[in-house]
Amino acid sequence: MPNTDITKRRQSWMATLARSDRQAIEERLSEAVPLPGHTRLRGPEAGLVMVRGRAGGSGAPFNLGEMTVTRCSVRNEQGRIGHAYIAGRDGRKAELAAALDAALQDPDFGTLLEERVITPLASALAEADTKVAAEADATRVDFFTLATMRS
Amino acid sequence: MTIDRPGFNDPVTEAQSCFRLVLQAMSRPGSIVTLGQTVAAPPLAPATASVLLTLVDAEVTLWLDDSLAASWDWLAFHAGVVRATQTERAAFLCATSLPPLERLNPGTDADPESGATVILQVPALDGGPRRTIYGPGLEAPLTIAPQGLPANFVKQWQRNHERFPRGVDLLLCAGNAVCALPRSLRIGEG
């Protein structure tokens, strides 16, 4: 990818697609424009990836556990190649996300798709995140004592 | 070529059936075995592409000659193959002209199975100079006539055979057919 701007945008829409429900994507897509046809290059195929974490974001990396991931790569009628890696085993979602990734790279058509599909999906995800954060925040415990003792 | 061509439609079953046919070719040296489902990925011939997808993965190294170098992206995408830069180190070599056999990895007496496998893409498996093969897997000597082998092939092969059990195995691919010449064979002119 020669252009870093498109790479950043692509990372963002791939992340949004990976985290959204298939039904939500299909709903948004039905209100937008139809996608060009595509052929499968690889997959959809499911596999395991090791999720690694760091305690507090700065500790030594450890293996948190394996998760199921489905990937798919397609080439659409315009010759653009789209890739998708999604959590879970929904092959149809992986294929749909890959087809969308290919279509979104189109300079004109892609902007329209981004507005009508990705932006609403991203705001729905952000809203859900805020809601969970608010719920978690309501049960927050502040360890004043510990903080005082340490300082 | 970039990655824009599919690999096997059904990677597991198609690779397994291709593997079975390669095994059949290896156990009946010189016989021409036609592969069932093949993959189109020029400049690789259908048989070459299918055999590569079947045999190579991220755990082996592959060397490609310059005429096939355009297939690297495709192979890396579908097979995750590791590129070997030196012919001496590669576990698999794929070429359109035979690399000198004595410079390839023949394995060791303790691990002869680590000897290299050469996948040679040739114009045709018949119509070339006639050579007689005999050895394990053949009841009687058999005449083969693949095109695209170097003029000193019989001499090279003799040296390859002499170091048995070490040595290099050869798979000839043309169109959607393969013909195997395992290291156990003896090959003569005419």
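Three strands of chain B make up an open sheet in the order S7-S6-S10, with antiparallel pairing. Two strands are taken as paired if DSSP finds at least two bridges between them; helices (H or I, at least four residues) and strands (E, at least two) are DSSP runs, numbered from the N terminus. This is a predicted model, in which local features need pLDDT of at least 70 and side-chain atom pairs count only at pLDDT 80 or more, while totals for chains, interfaces and linings use all residues. Residues are numbered from 1 along each chain as its sequence is written, and chains are lettered from A and ligands numbered from 1 in the order in which they are written.

The edges of the three-stranded sheet are S7 (142–144) and S10 (186–189) of chain B, each of which pairs on one side only. Ignoring direction, neighbouring strands of this sheet are turned by 35° against each other on average; axes are lines fitted to C-alpha atoms, for helices over the stretch in contact, and angles run from 0 to 180 degrees between N-to-C directions. Helix H4 (residues 153–162) of chain B lies across S6 and S10 of chain B and runs at about 160° to S10(B). The loop between S6 and S7 of chain B holds Glu139(B). Glu139(B) counts as exposed because it has 6 C-beta neighbours inside 10 Å. A residue is buried if 20 or more other C-beta atoms lie within 10 Å of its own, exposed if 12 or fewer, and partly exposed in between, with C-beta atoms placed from the backbone. Glu139(B) and Arg5(B) are 134 residues apart along the chain, and their C-alpha atoms are separated by 42 Å.

Chain B also has an open sheet of seven strands, in the order S1-S9-S8-S5-S4-S2-S3 and with mixed pairing. Its edge strands are S1 (33–34) and S3 (82–83) of chain B, each pairing on one side only. H1(B) packs on this sheet, touching S1 and S9 of chain B, and its direction makes about 45° with that of S9(B). Residues are in contact if their C-beta atoms, placed from the backbone, lie within 7 Å. H2(B) lies across S4, S5, S8 and S9 of chain B, running at about 140° to S8(B).

| Strand pair | Bridges | Direction |
|---|---|---|
| S2(B), residues 61–64, and S4(B), residues 92–95 | three | parallel |
| S4(B) and S5(B), residues 117–121 | four | parallel |
| S2(B) and S3(B) | two | parallel |
| S6(B), residues 131–134, and S7(B) | three | antiparallel |

Individual bridge partners can be named for these pairs. Trp63(B) has Leu93(B) as its bridge partner in S4(B), and Cys94(B) has Ile119(B) in S5(B). Thr61(B) stands opposite Val82(B) in S3(B).

Two helices of chain B, H1 (residues 11–27) and H2 (residues 46–55), have axes that come within 9 Å and cross at roughly 105°. H1(B) is therefore roughly perpendicular to H2(B), a class that covers 65 to 115 degrees, with angles under 35 counted as roughly parallel, over 145 as roughly antiparallel and the rest as oblique. H1(B) contributes Ala15(B), Cys18(B), Phe19(B) and Val22(B) to the contact, and H2(B) contributes Ser50(B), Val51(B), Leu53(B) and Thr54(B). Six of these residues are nonpolar, two are polar and none is charged. Ala, Val, Leu, Ile, Met, Phe, Trp, Tyr, Cys and Pro count as nonpolar, Asp, Glu, Lys and Arg as charged, and the others, Gly among them, as polar.

The largest nonpolar core has 55 residues, and Leu52(B), Leu172(B) and Val178(B) have the most contacts inside it. Such a core is a set of buried Ala, Val, Leu, Ile, Met, Phe, Trp, Tyr and Cys residues joined through C-beta atoms within 7 Å. H2(B) gives the most to this core, with six residues. Not counting residues up to four places away in sequence, Leu52(B) touches Leu44(B), Leu75(B), Ala79(B), Cys94(B) and Ile119(B). Another core, of 21 residues, lies apart from it and includes Leu17(A), Cys72(A), Ala94(A) and Leu113(A).

The contact between the chains takes six residues from chain B and six residues from chain A. On the chain B side, three are nonpolar, two polar and one charged.

Most peptide bonds are trans. A cis peptide bond joins Gly43(A) and Pro44(A), with omega about 5°; Pro44(A) is in strand S1 (residues 38–54) of chain A. Another cis bond, between Phe164(B) and Pro165(B), has omega about 10°, and Pro165(B) is in the loop between H4 and S8 of chain B.

Key:
Contact = placed C-beta atoms within 7 Å.
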